[in-house]
Amino acid sequence: MKIIIWASLLQAVVSFSVPKTSVPRSSSALFAEANGSAAPKKILVLGGDGFCGWPTSLYLSDQGHDVVVVDNLSRRNIDLELGCDSLTPIQPMEVRCQAWKEVTGKDIRFVNLDVAKEYDLLVQLIEKEKPDSIVHFAEQRAAPYSMKTSKTKRYTVDNNVGGSNNLCCAVIDSGVDAHIVHLGTMGVYGYGTSGGEIPEGYIDVILPGGRESNILHPAYPGSVYHATKCLDALLWQFYNKNDQLRVTDLHQGIVWGTNTPQTALDERLINRFDYDGDYGTVLNRFLMQGAMGVPLTVYGTGGQTRAFIHISDTARCIELAINNPPKPGDRVEIFNQVAETRRVRDIANLVAKLTGVEVNYIPNPRQEADENELDVSNKKFCNLGLDPITLDTGLFDEVTEVVKKYKSRCNPQKILPASFWNKKRAEACADLDPKSVKLAEEKTEAAAP
Ligand code: NAD
Ligand code: USQ
């Protein structure tokens with residue numbers, strides 16, 4: 001199974017250069033068989049213009065579902081605010097949808113709507129579309145951005161918690177029994193704080209007096225962003241208990257990779273790739289730095305252990321969750337959406353070995369444990385048929401190729417961390433100079449006589 005997935009992914013990557021009529025049969029068709037393939041559904045994808053949302057929308061459409069993307073394009077606006085951009089040249093939503101239609105004959109509709117602010121329009125949309133499922137990606141998702149200033153802290157809480165609350169109220173007001181599939185994060189658990197394997201959402205505890213109970217795993221967020229996912233989890237629990245909303249919360253690890261078989265069908269469908277200190281995530285940043293000849297930016301000792309998942313598996317997991325909704329009256333379903341855990345310095349050493357770049361240990365801009373163990377259960381997805389893609393150097397090549405193709409779009413001054421968790425962390429990082437980072441080519445030019 002794994003070999004089939006890798007082979008078709010590579011085939012799809014190559015397909016940038018093949019005629020548009022030659023659409024490779026992606027791993028999705030094979031996966032659908034294992035998935036028991038439920039009937040096509042009407043699906044709203046909130047945040048469907050983003051890094052996870054766009055490839056998921058294409059995957060769901062490819063599987064025959066009727067997909068409507070809802071997004072307020074706030075992520076593109078934050079790029080403007082930060083003076084940064086996706087390394088890949090992502091196209092406007094209208095062009096993306098048109099390209100998908102041309103390449104596959106399938107429709108994806110786009111609605112520009114702010115889930116956190118345009119409540120009445122959200123209710124009207126749900127009433128009109130009567131979706132079977134609503135996938136909720138529409139949140140501010142960068143921990144560093146959420147810690148930048150009071151303004152970004154407040155924005156992150158208002159946007160994320162307000163949006164999730166609006167969604168619950170809108171589903172109730174519309175009277176549509178839509179299944180909400182929300183993207184949570186592994187960070188709600190803290191990292192290895194409960195000792196032993198992190199279960200999927202709920203944990204057995206013994207309360208005072210020896211009473212046994214099974215409760216939501218204690219929340220232990222490490223940033224304002226992660227705190228919003230903990231608050232979301234309480235909202236799902238409340239509205240599920242009070243209004244019998246059917247909710248699945250997916251505690252996803254760090255997503256890596258760029259393209260999927262669907263985004264690789266045409267360059268206009270390309271996925272976004274964040275490499276900057278605020279939105280770039282660790283493995284994609286290291287792969288990008290390795291390809292550009294920039295020393296890898298390991299924060300602190302690199303002893304932080306985190307969970308990872310490939311972008312293609314994000315899309316597959318979402319469909320598995322959609323096809324396996326909780327029954328009416330069930331409590332909130334919670335899955336850990338992860339493939340494996342790895343230590344940051346081990347990943348850095350792996351990328352350094354492959355690319356020959358140095359590993360640079362820099363002061364940590366974050367308030368977090370220097371070293372932690374992390375053991376996570378992902379049995380529920382595996383039991384539903386997921387055979388997760390693990391960190392594979394073959395797939396590293398996919399990212400490296402993309403980075404090299406668009407290297408002229410990289411601004412090296414955006415690579416060092418630009419947000420600090422508190423004054424102490426900011427002081428520790430005061431000597432980091434964004435201008436000191438040079439791409440391999442710039443260094444060669446500077447050295448030339
Ligand atoms: P992203 O920023 O690329 O995409 C989020 C999308 O939501 C953007 O297109 C943005 O414009 C939109 N959006 C934000 N607020 C909105 C609002 N109020 N109304 C309408 N649209 C809004 O982020 P991503 O990496 O695709 O992450 C998607 C979800 O998955 C997030 O909730 C994130 O917390 C979660 N997640 C991501 C990762 C990861 O590694 N990228 C890992 C775990 C969980
Ligand atoms: N790190 C480095 N060097 C870097 C970047 C990060 O050492 O250049 C370290 C960080 O200090 C941290 C770890 O790598 O210990 C992970 O950082 P990250 O930026 O890759 O991931 P994080 O901030 O946790 O957030 C990302 C997504 C978020 C998602 C989360 C899943 O942006 O949306 O919820 O991963 S998880 O981490 O499992 O909670």
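This is a short walk through the two ligand sites and a few side-chain arrangements in a predicted model.

Quick housekeeping. It's a predicted model, where local features need pLDDT of at least 70 and side-chain atom pairs count only at pLDDT 80 or more, while totals for chains, interfaces and linings use all residues. Residues are numbered from 1 along each chain as its sequence is written, chains are lettered from A and ligands numbered from 1 in the order written, and side-chain values use heavy atoms, with hydrogens and water left out.

Okay, ligand 1. It has 29 residues around it, and the closest are C52, D71, N159, Y225 and K229; a residue counts as near if one of its heavy atoms lies within 4 Å. For polar contacts, we take pairs of N or O atoms within 3.5 Å; within protein, one must be able to donate a hydrogen and the other to accept it, and residues adjacent in sequence count only if both atoms are side-chain atoms. A nitrogen of ligand 1 sits 2.8 Å from an N or O atom in the N159 side chain, and a ligand nitrogen is 2.9 Å from a backbone N or O of V115. There's also a ligand oxygen 3.4 Å from a polar backbone atom of F137. On its own ligand 1 exposes 830 Å², and the protein buries 97% of that, going by Shrake-Rupley areas with a 1.4 Å probe, where for residues only the protein chains shown count as cover. Two or more shell residues come from each of α4 (74-82), β5 (179-185), α9 and β9. Those labels are DSSP runs, numbered from the N terminus: helices are H or I with at least four residues, strands are E with at least two.

Now ligand 2. Here 23 residues are around it, with T185, Y225, V282, T297 and E368 coming nearest. R366 brings a side-chain N or O to 2.7 Å from a ligand oxygen, and a polar backbone atom of G187 is 2.9 Å from an oxygen of ligand 2. Taken alone, ligand 2 exposes 740 Å², of which the protein buries 96%. In its shell, α9 (224-243), α10 and β10 (296-299) each supply at least two residues.

On to the aromatics. How many aromatic pairs turn up in the whole structure? Four, where Phe, Tyr and Trp rings (six-membered ring for Trp) pair if their centres lie within 6.5 Å, with planes under 30 degrees apart called stacked, over 60 edge-to-face, and the rest tilted. One of them is Y145 with Y279, tilted, at 5.8 Å centre to centre and 40° between planes. Y145 is in helix α7 (residues 143-146) and Y279 in the loop between β9 (254-256) and α10 (282-292), so this pair ties together parts 134 residues apart in sequence. Both Y145 and Y279 are buried, meaning under 20% relative accessible area, with exposed over 50% and partly exposed in between (1.4 Å probe, protein chains only). F238 and Y239 make an edge-to-face pair, 5.1 Å and 70°; F238 is partly exposed at 38%, whereas Y239 is buried at 13%.

Last stop, A99 in helix α5 (residues 93-104). Buried or exposed? A99 is buried, at 0% relative accessible area. Its C-alpha is 6.4 Å from that of R268, 169 residues apart in sequence.
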